[in-house]
Amino acid sequence: MMIRQPRYVPVLCFHRVLPAEFDAPLATCHRVRGLVVEQEVFREQMRRLDHLLQPVGLKEYLAWLRGEAALPPNACLVTFDDGFRDLQEVALPILAEMGFPVTAFVSVLQSEQPQRAGPIDLWFATIEAWWHRSSKRSGHRRRLKELVHGEWSRAYLRALPEDGKDHLERLGRELGVPADTIPSVGDVYLDTAALRSLAGYGVDLASHGWDHVLLTTLGSRELAAQLESGLAWIRMLNPRADPVLAYPNGSNDRRVQQAVEAAGFCAAFSVLPKKTLPDGPFAIPRYCIPNRITAIDEVAEGMEVRI
Ligand SMILES: [Zn+2]
């Protein structure tokens, strides 16, 4: 067990909260990936959070980060990535009941053109189409895990944006899922109007890039465009929004951090498997919370938590 650092404030990262067995689009791959917390587990996690930690709003957190204000003991920040519809429909009613503030990192393409799936969604939608057609024998489940977690998925992400298409076509050929038969993932994300209404309910909206491509894979011009358009869009949704970013998949390096600062952001969050002190405001670690009630106790005790 680690000793709690006096200047450490844990940042919790969630993606999706779904009723058990609920078969939403992409939910199969996201469950395998560890991105789904089941609704009843989440409810219990929030009860534990209420006992053990004290969620604060983004503005308070940033004031603390700048050294301008103190935070209550046991403060934490609760964040959600990607703007899935279940944030509004499943998680927010529970968070509102507890009175917890929440920060939502959303990308432009996913919310502004929800009918146009982003690159990682196309990848998972192809795998999911194959899975739903397969006979679900144990060999298939092993293959599903391999496809979601394996080297091919990582290679696809690294190859984006230019060469990703080749990987995707090859995946479709191999799994017998031609591109024109991939089902739409249109109702997975909150659209722009829904996000605006969330801002009205006190959810702090922040940027998750333009189309969720890994920022480390981009040349400097594309990188600046992703960051600037993402920030402008968040400000269009809420002119009082703080200029804060979560790196898609947590992927960042020094060059990306410098571009983020140059684009006018004041802080950026990564996802790291272990608890570390922030390495400056542009690489703040977050705990990705797994589908396990005790994960919150572990965070409160300063233990390593990962999905
Ligand atoms: Zn994301």
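Predicted model: local features only at pLDDT ≥ 70, side-chain atom pairs only at ≥ 80, totals over all residues.
The chain contains 13 helices and 10 strands. Along the principal axes, its C-alpha atoms occupy a box of roughly 55 × 45 × 35 Å. The radius of gyration is 19 Å, in agreement with the value near 19 Å that a compact globule of 307 residues would have. Buried residues make up 42% of the 307 residues of the chain. Of the contacts between residues at least 6 apart in sequence, 68% join residues at least 24 apart.

The chain is divided into two parts, domain 1 (11–116 + 189–300) and domain 2 (119–181). The centres of domain 1 and domain 2, taken over C-alpha atoms, are separated by 26 Å. Contact between the domains involves 11 residues of domain 1 and 15 residues of domain 2. On the side of domain 1 that touches domain 2, 5 residues are nonpolar, 4 are polar and 2 are charged.

The largest nonpolar core comprises 89 residues, of which Leu12, Ala104, Val260 and Ala268 touch the most other members. Helix H6 (residues 119–133) supplies the largest share of this core, with 7 residues. At least three residues of the core come from each of domain 1 (11–116 + 189–300) and domain 2 (119–181). For Ala104, the contacts beyond four places in sequence are with Phe80, Gly83, Leu87, Leu198, Val203 and Leu205.

Because 11 of its 15 residues are buried, H6 is largely enclosed by the rest of the structure.

Two residues other than glycine have a positive phi. Phi of Asn74 is near 70°, and that of His212 is about 70°. Both are in loops: Asn74 lies between helix H3 (58–65) and strand E5 (75–81), whereas His212 lies between strand E7 (204–207) and helix H11 (220–237).

Phe14 is located in strand E1 (residues 11–14). With 25 other C-beta atoms within 10 Å, Phe14 is buried. The C-alpha atoms of Phe14 and Cys288 are 6.1 Å apart, although 274 residues separate the pair in sequence. Apart from neighbours within four places in sequence, Phe14 is in contact with Val37, Phe80 and Ile289. Phe80 is also listed among the contacts of Ala104.

Ala96 belongs to helix H4 (residues 85–98). This residue is partly exposed, with 13 other C-beta atoms within 10 Å. Between Ala96 and Tyr201, the separation is 105 residues in sequence and 9.5 Å in space, C-alpha to C-alpha.

Gly34 is found in the loop between H1 and strand E3 (36–38). The 16 C-beta neighbours of Gly34 inside 10 Å put this residue in the partly exposed class. Gly34 and Leu160 are 126 residues apart in sequence, and the distance between their C-alpha atoms is 22 Å. Beyond four places in sequence, the contacts of Gly34 are with Pro290 and Ile307.

Notes:
Residues numbered from 1 in each chain as written. Core = buried A, V, L, I, M, F, W, Y, C linked by C-beta atoms within 7 Å. Buried ≥ 20, exposed ≤ 12 C-beta atoms within 10 Å, placed from the backbone. Helix = DSSP H or I, 4+ residues; strand = E, 2+ residues; numbered from the N terminus. Domains from an automatic or database assignment. Contact = placed C-beta atoms within 7 Å. Nonpolar A, V, L, I, M, F, W, Y, C, P; charged D, E, K, R; others polar. Rg over C-alpha atoms; globule rule 2.2 N^0.38 Å.
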